[in-house]
Amino acid sequence: MKIILETKAVTKVYRAGKVDVLALRGIDLRAHQGEFVAIMGPSGCGKSTLLHILGGLTTPTSGEVWIDGVNVSALSDAARTRVRRDKIGFVFQRFNLLPTMTAQGNLEIARHIHGNGSGAMQLQSSQEVLRVLGLEHKLRSKPLEMSGGEQQRVALARAVINRPSILLADEPTGNLDSENSQLVLKMLQELNTKFTQTIILITHNPEVAAVAHRLVEMRDGRIVDRAQDVSYTAVEESFL
Amino acid sequence: MIVANILHRPMRTFVSVVAVAIQVTLVLLVVGITTWMRVDSAKRQEGIGADIMFRPPNAQLLWLTGAPMSVKFKEVLERVEGVKVAAPVLIQTTTSGGLSQIFGIDLPSYSALSGGFNYLRGGPFEEALDVLVDDLHARNNKLRVGDQIDVLNHKFRVCGIVEHGKGARVFVPLATLQDLMGAVDKTSVFYIKAKDPNETDAVVQRIKAIPELRDYSVISIKEYLSQITNATIPALNTFIDVMIFIACLIGFLVIYLSMYTTITERTREIGILKSLGASKLFIVDAILREALLLTILGILLGLGFTFLAKRVITTTLPTLSVLITTAWVVRASLLAVLAGVLGGFYPSLRAASQDPIAALSYE
Ligand SMILES: Nc1ncnc2c1ncn2[C@@H]1O[C@H](COP(=O)(O)OP(=O)(O)OP(=O)(O)O)[C@@H](O)[C@H]1O
Ligand SMILES: [Mg+2]
């Protein structure tokens, strides 16, 4: 299986007033197509920063990020935005649905930005996606009229509706009760197995991490203990 | 998305739309009223029935007033070949009840110009302190025949009400006005009627050729009217331009402020759009469309306001109207669109250049 994502010695320095915060101190990470990677680590170790860099929402201070064979860190802002549009789907802890729009509207705007399908086709496929998610009856609901679990499922649908190469999820179950967490996890797994969706997921919850093929642990802006991960080699081999 | 957004804050949308509507209304009313006044005044000049205007040297194009000429020129002018009648008119401008003119006329010669007044009520002057008013002036001031009115601080009796369209709206006997103005045997202008209107230009040339009238201004009414544009009225165009500029400034500022608050309030949403891969152009476009939609709603409302205002003006003030031309409707709309797009431009750029991560963590 091909390598869909790779970082080479990525660092990130935030300038907070006069102090430099070293959020990432040299990250080398690889993910194959179809891989499900969980990232864990204490608060403030740089997990979200890494995810934002992978998705091109910000640039590394040094190092390279390769997405699907393209060195994203060398691209202009506009070109990076295009890579994000075409190849990346984001899911956040805070759902981040557009509050003035319905569930269906949120899916359609993602399609519209991506620029695929005609209006009628978009409508049909948005409705289909929501049906698959068991959210048919929420088609016309706005985010405030939905539960957290429902919102996150819509957000997940929005993230994958354009079939991105990589799904980046930052604590997607962080705001959900265990029942809804289970639902969302099941959907992630399904996406991964049925559609060989590559997933990079940040979590604080070991149970969530257990669903992944591989666990990456971070501490102080570095990846630690990779060799100790028993399942790592097995998974790696299964992809080769 | 755009419609959802403008419905999200109905009050803000309402205020922006009304501001644009005021912009459009202001432009159309200012232009419409001044244009109407010009056209109306030209029509009334035409209605006098004269072919030629004879004025003192250096006469102002528009506001003839004062009494700088001797009425004795009447004989000189009427001796010119082709002249049927030369009617002296003494003009006094008053500011009571708005800027208007009072004509002091010699009724027989003035009537000879157009074939005479059409008396709707009453009849010609009988006494020195008689006044003729036109029907619109009468309606405006609720006047009837026999009423006493103040003209130049003297009590006059309304002796007749005439159909409008023949020069001024208020007429008094020439001699009376000469007395009141202390201008015995003086006149402001002669209106001249040619025996054959087709001969007008030839008559003008003949009058110009008279040595003792050499410095005086002779002009055919046709040419005179063609010279009256807004540009000939001192400072009017400047006034119109200033009003239009202020109107556009209102539209621009309100749309600017509205869109600026909108993008601040929606910082997070802009971050979300960016996380979905929306380009800067996409965001600029979305904000500008919203500004444009507000503007278009404002234009429609403004056109409604304008026609309503026109109705109110014409029903309450018979001597005033608003001339709304398609060209100015288009121009006022385009100005509103321009102001709206400019107003939305900086906010849209600001929104587009927001840092997505900061925007996503905005509360
Ligand atoms: N915009 C910023 N300016 C300055 N410092 C920042 C900024 N964003 C993050 N940091 C710092 O960078 C470090 C890594 O932050 P990051 O958000 O990546 O951590 P995290 O692992 O996602 O934490 P958590 O588990 O709490 O979400 C932290 O020390 C944080 O304070
Ligand atoms: Mg985080």
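## A walk across two chains

Start by showing chain A and chain B together: between them they bury about 1900 Å², and carbon and sulfur atoms account for 66% of it. Buried area here is the accessible area (1.4 Å probe) that two parts lose on being put together, summed over both. Now select Arg94(A), Thr100(A) and Ile113(A), which supply 30% of the area that chain A buries against chain B, more than any other three residues.

Before going on, keep in mind that this is a predicted model, where local features need pLDDT of at least 70 and side-chain atom pairs count only at pLDDT 80 or more, while totals for chains, interfaces and linings use all residues. Residues are numbered from 1 along each chain as its sequence is written, chains are lettered from A and ligands numbered from 1 in the order in which they are written, and side-chain values use heavy atoms, with hydrogens and water left out.

Color the touching residues next: 21 of chain A are in contact with 23 of chain B, contact meaning heavy atoms within 4.5 Å. How many salt bridges cross the interface of chain A and chain B? The rule finds one, a salt bridge being a side-chain nitrogen of Lys or Arg within 4 Å of a carboxyl oxygen of Asp or Glu. Zoom in on Asp77(A) and Lys280(B), whose side chains meet in a salt bridge at 3.9 Å, N to O. On the side of chain A that touches chain B, the elements giving two or more residues are helix H2 (77-87) and helix H3 (103-114); helices are DSSP runs (H or I, at least four residues), numbered from the N terminus.

Across the whole structure, the search finds 23 salt bridges over all chains.

**Over to chain B**

Select residues 2-39 + 235-360 of chain B as domain 1, then 57-215 as domain 2; these bounds come from an automatic or database domain assignment. The C-alpha centres of the two domains lie 48 Å apart. Where they meet, five residues of domain 1 are in contact with five of domain 2. The area buried between these domains is about 390 Å², with 57% from carbon and sulfur atoms. Salt bridges between the two domains number zero.

**Last stop: a ring pair**

The whole structure holds 15 aromatic pairs over all chains. Pick Phe252(B) and Tyr256(B): their ring centres are 6.2 Å apart and their planes at 20 degrees, so the pair is stacked. To pair, rings of Phe, Tyr and Trp (its six-membered ring) need centres within 6.5 Å; planes under 30 degrees apart count as stacked, over 60 as edge-to-face and the rest as tilted. Phe252(B) and Tyr256(B) are four residues apart in helix H9 (residues 236-265) of chain B, so about one helical turn separates them.
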